[in-house]
Amino acid sequence: NSKGGIKTLVLIHKISKDLKCDQCDYATNDKYSFKSHLLVHESSKNFKCSDGDYVTNKKCSIKSLRLIHPISKHLKCRQCEYATNNKVRFKNHLLIHKSSQDFKCSHCDYVTNYQRNLQRHLLKHKIFKDFKCSQCDYGTNFKYKLKSHLLIHQRCKRLKCSQCDYETNNKRNFNKHLLKHKISKDLKCSQCHYETNNKGNFNKHLLKHKISKDLKCS
């Protein structure tokens, strides 16, 4: 359907080649390919690899070569193996090791070294809700939560279970429901016979073994 595509196809089937190299037998009808070929015969190479002896006249080739060489990280953390060349990321990483927390919530005990995390946390204490449901009293300060809530009011359910009457518009809930019909259990406890497909339930179960061990130690 493309005019340019038809033009290129015609050139491929053309027997006579309009563009011929005067230094070898190479010939083509494609102007771009011919231009790239001429670079092969150039004695001086414009692009040189900073990590080796490789030289070329093709900029794309030198870019590809740089991916092969291991990139040295100039910024290295003294407390762990983390390394990067990005100054902003390195600065954010160092906050992980910081014991004192700079940003504290005035409404509760929440503390953090990240300002964006504090701003997100403060939304929980906000009385006025920016996003409100037009069909009920539900309100939230998170747009994605309102989007999920609105699915409740949809009469037509898009996701229907083929093994029972369950139906929903929430993909996460639907996937969780399908696990109930699954015979084989992916998550198995190494300390007892408990097994499940629900990761949340599995983590709760593991805590039971941990609590019992802690009580014995005391």
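Start with everything selected: of the contacts in the protein with a separation of 6 or more, residues 24 or more positions apart account for 0% (contact means heavy atoms within 4.5 Å). Keep in mind that this is a predicted model, where local features need pLDDT of at least 70, side-chain atom pairs count only at pLDDT 80 or more, and totals for chains, interfaces and linings use all residues. Residues are numbered from 1 along each chain as its sequence is written, and side-chain values use heavy atoms, leaving out hydrogens and water.

Now switch to cartoon view. You'll find eight helices and 14 strands, taken as DSSP runs numbered from the N terminus (helices H or I, at least four residues; strands E, at least two). Of the 218 residues, 18% are buried, meaning under 20% relative accessible area with a 1.4 Å probe, protein chains only.

Last stop: N197, in the loop between β14 (195-196) and α8 (199-217). Is N197 buried or exposed? It's buried, because its relative accessible area is 10%. Show its contacts beyond the neighbours within four places in sequence, and you get L179, K182, S184, K185, D186 and L187. Turn to D186 in particular: the N197 side chain reaches its backbone nitrogen at 2.9 Å.

Technical notes. Buried means under 20% relative accessible area, exposed over 50%, partly exposed in between (1.4 Å probe, protein chains only). A polar contact is a pair of N or O atoms within 3.5 Å; within protein, one must be able to donate a hydrogen and the other to accept it, and residues adjacent in sequence count only if both atoms are side-chain atoms.
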